[in-house]
Amino acid sequence: MQTIKGIIVFLLGAASVVYLVNPGAGIFELIPDNIPGIGNLDEAGATAVLLAALAYFGYDLGHIFGKKKEPPASSTTMDVNAEVISQTKS
């Protein structure tokens, strides 16, 4: 099952690269670029798919855009909000 998922992710990533490289010189467009406001949403979507596919295979490029890795959550966390609510009711 994992290999099928990897193949699908690879094919989606490859399709997004082909769409972004645009070998048809703009003949094949999902949304025409000359529509104001939404014209480049298809390229943005293809870029998001490509970044997600690269992250799936271990090439996480999120740090280029300022995304920071968060440390894993500790298993000894406490629910402070429930304690504060119960103290204010008494």
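## The nonpolar surface patch

Helix α1, which spans residues 2–21, is the largest contributor to a nonpolar patch, giving three residues to it.

Y59 is located in the loop between α2 and α3. With a relative accessible area of 54%, Y59 is classed as exposed, because the cut-off for that class is over 50%. F57 has a relative accessible area of 40% and is therefore partly exposed. Y56, at 30% relative accessibility, also counts as partly exposed.

## An aromatic pair

How many aromatic pairs does the structure hold? There is one aromatic pair in the structure. Y56 and F57 form this pair, and its geometry is edge-to-face. The ring centres are 5.0 Å apart, and the angle between the planes is 85°. Two quantities are given here because a pair of aromatic rings is described by the distance of the centres and the angle of the planes.

## Overall architecture and surface

The secondary structure of the chain consists of three helices and zero strands. Followed along the sequence, the pattern is α-α-α. Of the 90 residues in the chain, 12% are buried. The chain has an accessible surface of about 7,500 Å², and carbon and sulfur atoms account for 68% of that surface.

Contacts in the chain can also be considered by their separation in sequence. Among the contacts with a separation of 6 or more, 43% involve residues 24 or more positions apart.

Is S16 buried or exposed? S16, a residue of helix α1, has a relative accessible area of 4% and is buried, because this value is under 20%. Which residues does S16 touch, leaving aside its neighbours within four places in sequence? S16 is in contact with A46, V49 and L50.

L41 is placed in helix α2. At 48% relative accessibility, L41 counts as partly exposed. L41 and L30 are separated by 11 residues in sequence, and their C-alpha atoms are 9.2 Å apart in space.

Where is L61 placed? L61 is in the loop that runs between α2 (41–56) and α3 (80–89). L61 has 32% relative accessibility and is thus partly exposed. When residues up to four places away in sequence are not counted, L61 touches L51 and L54. L61 and L51 are 10 residues apart along the chain, and a distance of 7.0 Å separates their C-alpha atoms.

## Confidence in the model

The mean pLDDT of the chain is 76, and 64% of the residues reach 70 or more. Which helix has the lowest confidence, and which has the highest? In the chain, confidence is lowest in α3, with a mean of 54, and highest in α1, with a mean of 90.

These values matter for the reading of the model, because where pLDDT is low, the predicted coordinates should not be read in detail. Helix α1, with its mean of 90, is the helix that contains S16 and gives three residues to the nonpolar patch.

Key
Residues numbered from 1 in each chain as written. Predicted model: local features only at pLDDT ≥ 70, side-chain atom pairs only at ≥ 80, totals over all residues. Heavy atoms only, no water. Helix = DSSP H or I, 4+ residues; strand = E, 2+ residues; numbered from the N terminus. Buried < 20%, exposed > 50% of the residue type's maximum accessible area, 1.4 Å probe, protein only. Contact = heavy atoms within 4.5 Å. Phe/Tyr/Trp six-rings, centres within 6.5 Å; stacked < 30°, edge-to-face > 60°. pLDDT = per-residue confidence, 0-100. Areas by Shrake-Rupley, 256 points an atom, 1.4 Å probe, with all protein chains shown as cover.
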